[in-house]
Amino acid sequence: MLHLILASQSPARTKLLAEAGIRHTVLVSDVDEAAVQAQYGVTDPHDTALLLARAKAEAVAALPEAEGALVLGCDSVFEFDGEAHGKPYTADVARERMLRMSGSAGVLHTGHWLVDCRDTDDDGAARGSGATLGAVASAEVSFLDMAPEEIDAYIATGEPLHCAGSFTIDGLGGAFIRKVDGDPHAVVGLSVSTLRGLLAAANVRITDLWPPR
């Protein structure tokens, strides 16, 4: 049976996969994102999202637990005013960002990287493709005007502190989003249609990961 491993600790990503009927397990990588970015010097938000997704996928693919599995790494970066915004982590950073984002728009880039760890010499149905490839799904997010009091109340919930761009679309932050142009799943952190394309390149149908009926 096909085994997909999600190399991410994001509850939103695993929930999205579960709701899409995609069987998977979670194995979190120990990738130091800051160190990876420092090593490669990538500043473009689009490329940074893909670089970090690849680093996470390849770190987990190297583990014994990944043998025979498909490994998916994901990472999201919010591009605003030409700057790359990851997780704010602190209330002060989140507040400064959200005050700027109020009534404006930015682009959320979610990188995906798939590594096929199945045996390429297997003559059976589970023969691996040896694929290691990625893609980025992006969507423009337009925000409503946000009063400082609303921003402070939102930050007090703790939700935006560990989200790329300091917001979510599938939680409390959805109240401040006016519209999304592009794949809304990319804003959650994992584009199912992008995953389908990567799986196809590895000779796997996404329906093969649906629960048996």
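Of the 213 residues of the protein chain, 44% count as buried, where buried means under 20% relative accessible area, exposed over 50%, and partly exposed in between (1.4 Å probe, protein chains only). The model is predicted: local features need pLDDT of at least 70, side-chain atom pairs count only at pLDDT 80 or more, and totals for chains, interfaces and linings use all residues. Residues are numbered from 1 along each chain as its sequence is written, and side-chain values use heavy atoms, with hydrogens and water left out.

**Overall fold**

- The protein chain holds seven helices and seven strands; helices (H or I, at least four residues) and strands (E, at least two) are DSSP runs, numbered from the N terminus.
- In sequence order, the pattern of the protein chain is β-α-β-α-α-β-β-α-β-β-α-β-α-α.
- The radius of gyration of the protein chain is 18 Å, close to the 17 Å given by the globule rule for 213 residues, so the chain is as compact as a globular protein of that length. This radius is taken over C-alpha atoms, and the globule rule is 2.2 Å times the number of residues to the power 0.38.
- The C-alpha trace of the protein chain spans about 60 × 40 × 25 Å along its principal axes.
- Among contacts in the protein chain between residues at least 6 apart in sequence, 70% join residues at least 24 apart; contact means heavy atoms within 4.5 Å.

**Strand β3 and its partners**

- Because 10 of the 11 residues of β3 are buried, this strand is largely enclosed by the rest of the structure.
- Strand β1 (residues 4–6) runs parallel to β3, joined by three bridges, and L4 stands opposite L70 in β3. Two strands pair if DSSP finds at least two bridges between them.
- Strand β5 (residues 105–116) is antiparallel to β3, with 10 bridges between them; V107 in β5 is the bridge partner of E79.
- Strand β4 (residues 83–85) is also antiparallel to β3 and is joined to it by three bridges, with E83 in β4 as the bridge partner of F80.
- β3 and β4 form a hairpin with two residues between them, and D81 in the turn has a positive phi of about 55°.

**Largest pocket**

- On a 1 Å grid over the protein atoms alone, a pocket is an open set of points where a 1.4 Å probe fits, with protein on both sides within 12 Å along at least five of seven lines; lining residues have an atom within 4 Å of a point.
- The largest pocket is lined by 30 residues, of which S10, P11, R13, K87 and H162 are the closest to its centre.
- Helix α1 (11–19), β3 (70–80) and α6 (184–188) each give two or more residues to this lining, and α1 supplies the largest share, four residues.

- K87 lies in the loop between β4 and α4 (91–101) and counts as partly exposed at 32% relative accessibility.
- Leaving aside neighbours within four places in sequence, K87 is in contact with E33, R97, L161, H162, C163 and A164.
- K87 and S166 are 79 residues apart in sequence and 6.4 Å apart in space, C-alpha to C-alpha.
- A84 belongs to strand β4 and is partly exposed, with a relative accessible area of 40%.
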